[in-house]
Amino acid sequence: MTDEPEKSLSVYRLLPSMSEYQTLHLNNFDARQLMRWQRTGSDEDRPTRLRAEWLGERRWPKSEFPTGYPGAPVLSDRLVETFGHEFSAAGSLVPVEIAGAKNDEYFLYVVEQVVDCLDLRRSSKPKRMDGEVKKPVFRVEALPTQLPAFRLPQFPDAVHWNGWAADRLVALTGDEIERRLLWSQDPTVKPHSDPWGI
């Protein structure tokens, strides 16, 4: 985490921007297995690899944050090297096997830390189907601010990014990442109206 004190705590959802970058389409079997592991924590479903293929015009550059799947952040080797050990505080990295692209080094960030930090009384009710919380309110004292990312027990198949980590990733990638505000400690800042929608 950055040494500078953060003025206001915030939590984001990150996804690739709509700019002209190639993105990754995840193998359906691997994505379902990841989602099962996120919901059950079963060792047999824990991902050891992720298969994917590039989408988009070949002339476009390849995004360093190439997937918008809420529970499967994929990061370029450069981003992993830049963050270093900070990613390991919340999870582990799994290699991504990209069809026809042997020299592209990308990693699935398997976020293992599930933190009960949601204020259930003040948040919108989790959706029955998948647990999505459209308007979360976090308990400041329980928010794991030292972690780059975390998951919620109510919505286990979605990765939530702390503001300092989101800021660093955006600073490193420029227009490649869209940052959607889920919650801020600052009451004057308005969260995204549909943070988990595409």
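Student: Which order do the strands of the four-stranded open sheet have, and what pairing is found?

Tutor: The four strands follow the order β7-β8-β1-β9 with antiparallel pairing, and β7 and β9 are its edge strands, each pairing on one side only. Strands here, like helices, are DSSP runs numbered from the N terminus (E over at least two residues for strands, H or I over at least four for helices). The model is a predicted one, in which local features need pLDDT of at least 70 and side-chain atom pairs count only at pLDDT 80 or more, while totals for chains, interfaces and linings use all residues. Residues are numbered from 1 along each chain as its sequence is written, and side-chain values use heavy atoms, with hydrogens and water left out.

Student: Why is W161 counted as buried?

Tutor: Buried means under 20% relative accessible area, exposed means over 50%, and partly exposed is in between, with a 1.4 Å probe and protein chains only; W161, at 1%, therefore counts as buried. Leaving aside residues up to four places away in sequence, W161 touches a set of residues including Y12, L14, F65, F87, Y109 and A149.

Student: What makes L14 buried, and which residues does L14 touch?

Tutor: The relative accessible area of L14 is 5%, so L14 is buried. L14 lies in strand β1 (residues 10-16), and among the residues that L14 touches, not counting those up to four places away in sequence, are F65, W161, A166 and L169.

Student: How many aromatic pairs does a search of the whole structure find?

Tutor: The search finds nine. In one of them the ring centres of W54 and Y106 are 5.3 Å apart and the planes are at 80 degrees, so that pair is edge-to-face. The pair links W54 in strand β3 (residues 50-55) with Y106 in strand β6 (residues 106-111), 52 residues apart, and both residues are buried. F138 and W183 form an edge-to-face pair as well, with 5.6 Å centre to centre and 75 degrees between the planes. F138 lies in the loop between β6 and β7 (149-150) and W183 in strand β9 (residues 177-184), so this pair ties together parts that are 45 residues apart in sequence.

Student: How do you know that the pair of F138 and W183 is not stacked but edge-to-face?

Tutor: Rings of Phe, Tyr and Trp (its six-membered ring) pair if their centres lie within 6.5 Å, and planes under 30 degrees apart count as stacked, over 60 as edge-to-face and the rest as tilted. The values of 5.6 Å and 75 degrees therefore place the pair in the edge-to-face class. F138, at 3% relative accessibility, counts as buried, and so does W183 at 8%.

Student: What makes R168 a charge over the ring of F83?

Tutor: A charge sits over a ring if NZ of Lys or CZ of Arg is within 6 Å of the ring centre and within 35 degrees of the ring normal; the charged end of R168 sits over the F83 ring at 4.3 Å from its centre. F83 also belongs to a cluster in which ring pairs link F65, F83, F87, Y109, W161 and W164. The charged end of R179 sits over the ring of Y12, 5.0 Å from its centre.

Student: Why are β2 and β4 said to stand at the edges?

Tutor: Five strands form an open sheet in the order β2-β3-β5-β6-β4, with mixed pairing. β2 (23-26) and β4 (74-76) each have a single partner strand, so one side of each is left without a neighbour in the sheet. From one strand to the next, the twist averages 45 degrees.

Note on methods. Pairing = 2+ DSSP bridges. Axes fitted to C-alpha atoms, helices over the stretch in contact; angles between N-to-C directions. Contact = heavy atoms within 4.5 Å.
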